Amino acid sequence: MTKPAPSSAATSAFAATGLTDRIELMQTFVRIVEAGNFSAAAAQMGTTQPTISRRLQTLERSLGVRLLQRSTHAMKMTEDGERCYERAKELLAGWDELESELRGARQQAEGTLRVVVPHAFGQKQLIGPLAQFMRRHPRITVEWLLHDRAADFISQGIDCAIQVGEVHDPSVVAIHLAEVPRMTVAAPALLEGRPLPRHPADLAELPWIAIPAFYRREVTLTHEESGEQRHVGFRPRLVTDSLYSLRNAAIEGLGVAVGSSWVLQDDVAQGRLVQLLPQWQPAPLPVSLMYPYARFYPARLRHFIDTMKEAMPAVVHKTVGWGALGR
């Protein structure tokens, strides 16, 4: 059946809508889709849920099509919505590029960029990409702030933050950059006089070191071949919020630890630590770059995002056969 064309009233309404308003309507639709619901989209755009709903209705009425099918518990794009979403992303990207070129941003990105990064990751793994970014853009000054707590973008004037671990804040835009492999380790001294663990259940009998940002009383291990999962419960002997403290305490024999492979791999290679149950892997940790939603992003932020997206996969996999260590 031939789909009816949009009514002349709808066409006239869309034609009468200013260019800025049309862009805002498309931005709202894209944000709804990517945020997953109206309330999260409203939080990211700094407005209210009724405003988001009203903008979507205006866009649908202007185009003469239904873009989203909504019910109490679910939301999905219609066929027209899927086409609109793809084209809207292209149009918005093109518009941002045009704005950047007209402002001269691509030629002379400058100003100060305030970035919050995790302590351990920010001191070692991210310095290379940071140096690459600053060499490319010599007129940009960077404030490199080491914090493991959540960034307060507004009160602290933070432009963006890199976070290791799941992002739960619906009010920010989060770009997934990579996954950080992890391993389970212990010092040889801790294992002395004990049978070497052969199954995840054996780990529960050992003392543990916990890092609450990622685990406190339980870890889940997955068999690399079968995909079988096992939950290991324990009472930690030591709790710390520092990845480097976790590593050093493990070397001292205070307990079993699960940590990022890039921190622990050299100690395993040198015999200071032993990788336990190498076929049973802890889940890798996601790395995300987060920033508050805005109508326009300065070129220095866009360039930084581009650099991190390019560099991060290699950064988190700078390991020396970590899957085979300790076998």
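Predicted model: local features only at pLDDT ≥ 70, side-chain atom pairs only at ≥ 80, totals over all residues.
Modeller: Local features require pLDDT of at least 70 and side-chain atom pairs pLDDT 80 or more, while totals for chains, interfaces and linings use all residues. Residues are numbered from 1 along each chain as its sequence is written, and side-chain values use heavy atoms, without hydrogens and water.

Biologist: Why is α3 called roughly perpendicular to α4?

Modeller: Helix α3 (residues 38-45) and helix α4 (residues 49-63) pack at about 105°, their axes 8 Å apart. Angles of 65 to 115 degrees count as roughly perpendicular, so α3 is roughly perpendicular to α4.

Biologist: What makes up the contact of α3 with α4?

Modeller: Its residues divide into six nonpolar, three polar and one charged. Among them are F38 and M45 in α3, and I52 and R55 in α4; contact means heavy atoms within 4.5 Å.

Biologist: What makes the pairing of the side chains of Q229 and T222 a polar contact?

Modeller: The definition asks for a pair of N or O atoms within 3.5 Å, one able to donate a hydrogen and the other to accept it; residues adjacent in sequence count only if both atoms are side-chain atoms. The side chains of Q229 and T222 make such a contact at 3.3 Å. Q229 lies in strand β10 (residues 229-233).

Biologist: Which strand gives the most to the lining of the largest cavity?

Modeller: Strand β12 (residues 257-260) does, with three residues. The lining of the largest cavity includes R182, F214 and S260, and its residues divide into six nonpolar, two polar and one charged.

Conventions
Helix = DSSP H or I, 4+ residues; strand = E, 2+ residues; numbered from the N terminus. Axes fitted to C-alpha atoms, helices over the stretch in contact; angles between N-to-C directions. Parallel < 35°, antiparallel > 145°, perpendicular 65-115°, else oblique. Nonpolar A, V, L, I, M, F, W, Y, C, P; charged D, E, K, R; others polar. 1 Å grid on protein atoms, 1.4 Å probe; cavity = no way out; pocket = protein on both sides within 12 Å on 5 of 7 lines; lining within 4 Å.
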